[in-house]
Amino acid sequence: MMRYAFVALLGLLVLASNATSASATEIKPFERGSWQAIRAAHAGRPTLVHFWGVTCGPCKVELPELGKFAKAHPGIDVVMIDADLVPNSIQAVTAMLTKAGLDKTERWMFGDSYAERLRYEIDPKWQGDIPRTLLIAVDGTITTIEGSADISNLEKWAASEGKK
C-alpha cells in the first residue's frame with residue numbers, strides 16, 4: 001500500500017511540475033486591454049516589446065538575433081507579440097519562437113479579428129507594419145523602431161537602461 005501511495009505522489013509531483021513550466025511559456029491571447037496589462041506588469045522595468053509574424057520575412061531573420069539579445073540581457077523584460085495579419089496557429093508561433101531562442105520570453109498572439117482596434121490601443125498611428133519594436137524605459141518612455149531593429153542600437157539602449 002505504501003508503494004502505491006509513493007507512486008501516486010510521484011505522479012502528482014510530475015504533473016504539477018509540467019503545469020508550472022507550461023504556464024511560464026504559454027501564449028496568451030492579446031485582446032482589448034492586454035496592452036494596458038503588459039504596461040502595468042512591467043512598470044518600472046526596462047522592457048522590449050516586439051511585434052512580429054510567422055509570415056513576415058524580416059521577422060524570420062530578426063528573431064534569432066532577438067533571442068541572443070534576450071539571453072545576453074536577463075535584466076530586460078522581453079515580450080513577444082504575434083501581430084501577423086494572417087491568422088497563425090499556436091504551434092507555428094511556438095515553433096518559431098523556440099527555434100529563435102525566445103521560448104522563455106513572455107508571449108502573446110493577437111486574439112481579436114479586429115486587429116485595428118488592438119493596434120490603436122498600442123499606438124493610434126500604427127498601420128500594422130511588422131516587425132515593430134517598442135523599447136520601454138524604466139521611466140515609461142517609449143521608443144518605437146519600425147522595421148527590423150539594429151541590434152547595436154538595442155545594445156546601446158540596454159546599456160543606458162542598466163545605468164538607471
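1. Let's start with helix α4 (residues 90–99), whose buried residues are V93, M96 and L97. Viewed down the axis of α4, these residues fall within an arc of 95 degrees, so they line one face of the helix. Here the arc is that of the directions from the helix axis to the C-beta atoms. Buried means under 20% relative accessible area, exposed over 50%, and partly exposed in between, with a 1.4 Å probe and protein chains only. A handy rule to remember: an α-helix has 3.6 residues a turn, so residues three or four places apart point the same way.

2. Before going on, a word on the source. This is a predicted model, in which local features need pLDDT of at least 70 and side-chain atom pairs count only at pLDDT 80 or more, while totals for chains, interfaces and linings use all residues. Residues are numbered from 1 along each chain as its sequence is written, and side-chain values use heavy atoms, with hydrogens and water left out.

3. What do the buried residues of α4 pack against? They pack against β1 (27–30), β2 (47–52), α3 (57–72), β3 (77–82) and β4 (106–110). Contact means heavy atoms within 4.5 Å. On the face of α4 turned away from its buried side you will find the exposed residues Q91 and K99. After α4 comes G101, with a positive phi near 80 degrees.

4. Now the whole chain. It has six helices and six strands, and from the N terminus on its elements run α-β-α-β-α-β-α-β-α-β-β-α. Helices (H or I, at least four residues) and strands (E, at least two) are DSSP runs, numbered from the N terminus. Of the 164 residues in the chain, 40% are buried. Among contacts between residues at least 6 apart in sequence, 72% join residues at least 24 apart.

5. I27 sits in strand β1 and is buried, with a relative accessible area of 14%. I27 and T94 are 67 residues apart in sequence, yet 7.9 Å apart in space, C-alpha to C-alpha. Leaving out residues up to four places away in sequence, I27 touches I90, V93, T94, R107, W108 and M109.

6. R132 belongs to strand β5 (residues 132–136) and is buried, with a relative accessible area of 2%. A polar contact of 3.0 Å joins its side chain to that of D123. Beyond four places away in sequence, the residues that R132 touches include V49, W126 and E146.

Conventions:
Polar contact = N/O pair within 3.5 Å; in protein donor to acceptor, adjacent residues only side chain to side chain.
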